[in-house]
Amino acid sequence: MAVSDIEGRPCRHAARGGLGAVLGAKGVKAVVIRSTANPSLNVALPDLLKEKSQALAKALAANPVTGQALPCLGTAVLVNMVNAMGALPTRNFSSGRFEGAENISGEKMAGIQGPRGGKGGHPCHPGCVIRCSNIYNNAQGDYLTSGLEYETLGMLGANCGIDDLDTIARADRLCDDYGLDTIETEAAIAIMMEQGLASFGDREALIGLIHEAGKGSLLGRLIGQGAAVTGRVLGAGRIPQVKGQSLASYDPRGLKGTGVTYTTSPMGADHTAGNTLGHPAVNPVEKAGQIEVSRDLQTLMATMDNLGLCLFVFFCFDNPENLQYVADIVRARTGREVSVGDLMAVGAQTLAGERAFNARAGIGAAHDVIPEFFSTEHLGGDGPVFDFTAEELQRVYGR
């Protein structure tokens, strides 16, 4: 499912989790939203809304992540950072460091896109304050893709052994055109590479396999089923998935709190449900505090999803006053007294509802399991393992 950017290009895709596939199965081809000449929104306290919205925007501009790093380099700023941590999935999660990381980094992208006429600091919609998106042009200066994000760079890049931005951008565009999630597709392809159907680092093989998915060939249909099915069919020993959804571009051994989120999130291995990257309260490779941080972040992310907020806004919530601005904005819109605690209660209720849905579908605590190789194979040969027990993980739910 594609959403157009401010230039009218369909570059934002809701492929993760299969939402587009569900709409396609129902025969929904498009959803068109037409604005009226004088759109109106009933706001109970307009002056307060303006005051608190401006205050939150200023807080985002002052934050070093949302005001500097993301507008300058986009989410691609994370490539070198996560690689330095040793948590960048490489060659089907066999390593956490990629020797070609610099070649697919945000810094590299900014360096080549200037002469080509591409750009960073691109807003995903007219009201975007953070502007973390980008427009990626090919070597001839022609538009190729937009929103070339960290997850795509890490998964189509490092995890397939590909160190060329143009190849990754081509692959990203193809996934968009064919309606494929770049994370899930790459995870399946990396398994194929490890199983000998292609070689890690083979650029044309990567492009060719994505075309197979687009054509719907036997091999392509296997890719389209995702990493879990691909791994089982091929008899792979290393299948990075939870609840049937592939892991994103953070190795849970090098970022243990995110590993807790992968394991316990109702949606499976979902980094957007509570990514602990950079959280000041925990050491990324130690167990202490990870359960509590993951639980709190999952509640916060569910709350933000309910409010329609970009998940990157949470970076400025290191200052509690900024989270209070959000509660004030809701109060200004509705006219009802709303506290931060009220907002968090909505997030907790949402997660409880998702878990109840899973339970009715037969998905419970027994499915909160991360693949065994993360617990037995040391990251990088002598690094950490993911060492949480099933009983410890259930503490996320307060059990």
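**Close-up 1. Lys52 is in contact with Tyr325, Asp328 and Ile329, once its neighbours within four places in sequence are set aside.** Contact here means heavy atoms within 4.5 Å. Lys52 has its place in helix α2; helices are DSSP runs of H or I with at least four residues, strands are runs of E with at least two, and both are numbered from the N terminus. With a relative accessibility of 16%, Lys52 counts as buried, because buried means under 20% relative accessible area, exposed means over 50%, and partly exposed is what falls in between (1.4 Å probe, protein chains only). This is a predicted model, so local features need pLDDT of at least 70 and side-chain atom pairs count only at pLDDT 80 or more, while totals for chains, interfaces and linings use all residues. Residues are numbered from 1 along each chain as its sequence is written, and side-chain values use heavy atoms, with hydrogens and water left out.

**Close-up 2. Val28, Val31 and Ile33 make a nonpolar patch on the surface.** Together, these three have about 330 Å² of accessible area, computed by the Shrake-Rupley method with a 1.4 Å probe, where for residues only the protein chains shown count as cover. To join a patch, a residue needs over 30% relative accessible area and no salt bridge; nonpolar side chains (Val, Leu, Ile, Met, Phe, Trp, Tyr) are joined within 5 Å, and like charges within 9 Å. A salt bridge, for its part, is a side-chain nitrogen of Lys or Arg within 4 Å of a carboxyl oxygen of Asp or Glu. Zoom in on Ile33 and you are in the loop between α1 (19-25) and α2 (46-62). Ile33 is exposed, because its relative accessible area is 77%.

**Close-up 3. Strands β3, β4 and β5 build an open sheet, in the order β3-β4-β5.** The pairing is antiparallel. At the edges sit β3 (119-122) and β5 (143-146), each of which pairs on one side only. On average, neighbouring strands here are turned by 20 degrees against each other, direction ignored. Helix α7 (residues 165-178) packs on the sheet and touches β4 and β5, with its direction at about 70 degrees to that of β5. Axes are lines fitted to C-alpha atoms, for helices over the stretch in contact, and angles run from 0 to 180 degrees between N-to-C directions.

**Close-up 4. Here are the partners along strand β4 (residues 133-137).** Two strands pair if DSSP finds at least two bridges between them. β3 and β4 run antiparallel and are joined by 2 bridges; His122 stands opposite Ser133 in β4. On the β5 side, the antiparallel pairing covers 3 bridges. Ile135 has Ser146 in β5 as its bridge partner, and Asn137 stands opposite Tyr143 in β5. The hairpin of β4 and β5 has 5 residues between the strands, and its Gly141 takes a positive phi near 85 degrees. As for cover, 5 of the 5 residues of β4 are buried: Ser133, Ile135 and Asn137 on one side, Asn134 and Tyr136 on the other.

**Close-up 5. Phe93 and Lys243 are two non-glycine residues with positive phi.** Most residues other than glycine have a negative phi. Phe93 has its phi near 60 degrees and is found in the loop between α4 (78-85) and α5 (106-116). Phe93 is buried, with a relative accessible area of 0%. For Lys243, phi is near 55 degrees, and the residue has its place in the loop between β6 (241-242) and β7 (245-246). Lys243 is partly exposed, with a relative accessible area of 25%.

**Close-up 6. Gly154 is a buried residue in helix α6 (residues 150-157).** Its relative accessible area is 1%. Setting aside neighbours within four places in sequence, Gly154 is in contact with Leu88, Pro89, Asn159 and Ser249. Ile183 lies 29 residues from Gly154 along the chain, and the two C-alpha atoms are separated by 8.8 Å.

**Close-up 7. Helix α3 (residues 65-73) has Thr66, Leu70, Pro71 and Leu73 as its buried residues.** The cover over these residues includes α2, α5 and β3. After α3 comes Gly74, with a positive phi near 70 degrees.
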